[in-house]
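Subject: Structure handover

Hello,

Here is the structure I said I would pass on. My notes on it follow below.

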Amino acid sequence: MSTKDFIEKDYYKVLGVPKDATEAEIKKAYRKLAREFHPDANKGNAKAEERFKEISEANDVLGDPKKRKEYDDARALFGNGGFRPGPGAGGGSFNFDLGDLFGGNAQNAGGGFGGGFGDVLGGLFNRGGATGTRTQPKRGQDIESEVTLSFTEAIEGATVPLRMSSQAPCKACSGTGDKNGTPRVCPTCVGTGQVARGSGGGFSLTDPCPDCKGRGLIAEDPCDVCKGSGRAKSSRTMQVRIPAGVSDGQRIRLRGKGAPGERGGPAGDLYVVVHVGEHPVFGRKGDNLTVTVPVTFTEATLGGEVRVPTLGGPAVTLKLPPGTPNGRTMRARGKGAVRTDGTRGDLLITVEVSVPAGLSEKARDALEAYREATAGEDPRAELFEAAKGA
């Protein structure tokens, strides 16, 4: 997501909540809309899929108190198309081009402003053309990975190994960028990692220093591995716990499991996109599991008890009332997917009357007798009456 989108999109409108909505109200609105527009419930509907993405994006921002504050602050400052300084700031309105202002550097995989909106402002605006403070700790990059789970693993949860590659402090030079481990302070930016460029109106904007690439340090003898950057590609394998009840396409955020930070900064986050395989017997509808159970004509007509399998547990006994129609769905409570609060959804059992392909002579005689006994009944009589009156 671009910074411009972050500022201009009205996420409160997307979720249909007021700007002073509580966390509980935001969560309730998101769950309601997510159920309505979830791809599983709208297969082949591109508009519903796009709407679901917008809803998820809005919840990702408004559902996180820190991101929500950053979002509110950003919209308050730039939401009307420009920054307007207060009295004594140089007079008049001072309009920024958002593309120039952020230069694409504020984006990250989480959809926010990297190290925080306050950090962005602190590095961008300085009165009188002065440079910013000395180089601050830098948050590590966010990483996105994918994992494929079986249907059962998605319902019950699983711990899976993930191999990831990211930028980390170079081991050859201990992150200094210099073979001898003694880089010097960049004379251009005096160690700040930023240089100012005037914009008029008493303000200046800052850019990463072109000589040290924003590090604030220059290697006298550049490291052969990282070429003086202090960062090198690193691969690692970690065990990741996928919570129970995840659905296909869900994106899970693991805080602090992304790329290591620089100069003592915190690590980024890891985002895991989950893909779920199909099950030969069970399906899923939200927090509920589904299963179709064949029954005989006599069981459906006369009633009876039918054993039904459950996912990973003992079978349950379904009591069929006499005259159960084909396609009727009944519910076994607590036998579905795990919810976020630890409770379980239900197992939705759909009855399917099974028609035998062949009959013994005795069974055929019994059915012939049944047909004679019910010869006066016409189940299609109401159908024709309704067709005539239409």
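At what angle do helix α3 and helix α4 pack, and how far apart are their axes? Before the answer, please note that this is a predicted model.

The helix pair

Helix α3 covers residues 23–37 and helix α4 covers residues 46–62. The two pack at an angle of about 160°, and their axes are 9 Å apart. Angles over 145 degrees count as roughly antiparallel, so α3 is roughly antiparallel to α4. The crossing of α3 past α4 is left-handed.

On the α3 side, the residues in contact are I26, Y30, L33, A34 and F37. They meet A48, R51, F52, I55, S56, N59 and L62 of α4. Sorted by class, this contact consists of nine nonpolar residues, two polar ones and one charged one.

The sheet

Elsewhere in the chain, three strands make up an open sheet, in the order β2-β10-β9, with mixed pairing. β2 and β9 (251–254) are its edge strands, each pairing on one side only. Direction ignored, neighbouring strands of this sheet are turned by 25° against each other on average.

The mixed pairing can be followed strand by strand. β2 (residues 143–149) and β10 (residues 270–276) run parallel and are joined by seven bridges. Within that pairing, E144 is found opposite Y271 of β10. β9 and β10, on the other hand, run antiparallel, with four bridges between them. Here R251 has V273 in β10 as its bridge partner.

The chain as a whole

The chain has 390 residues, of which 36% count as buried. Its secondary structure comes to eleven helices and 16 strands. Among contacts in the chain with a separation of 6 or more, 64% are between residues 24 or more positions apart.

That is what I have for now.

Regards

Note on methods:
Residues are numbered from 1 along each chain as its sequence is written. This is a predicted model: local features need pLDDT of at least 70, side-chain atom pairs count only at pLDDT 80 or more; totals for chains, interfaces and linings use all residues. Side-chain values use heavy atoms; hydrogens and water are left out. Axes are lines fitted to C-alpha atoms, for helices over the stretch in contact, and angles run from 0 to 180 degrees between N-to-C directions. Angles under 35 degrees count as roughly parallel, over 145 as roughly antiparallel, 65 to 115 as roughly perpendicular and the rest as oblique. A crossing is left-handed if the near helix is turned anticlockwise from the far one by less than a right angle, and right-handed if clockwise. Contact means heavy atoms within 4.5 Å. Ala, Val, Leu, Ile, Met, Phe, Trp, Tyr, Cys and Pro count as nonpolar, Asp, Glu, Lys and Arg as charged, and the others, Gly among them, as polar. Buried means under 20% relative accessible area, exposed over 50%, partly exposed in between (1.4 Å probe, protein chains only). Two strands pair if DSSP finds at least two bridges between them.
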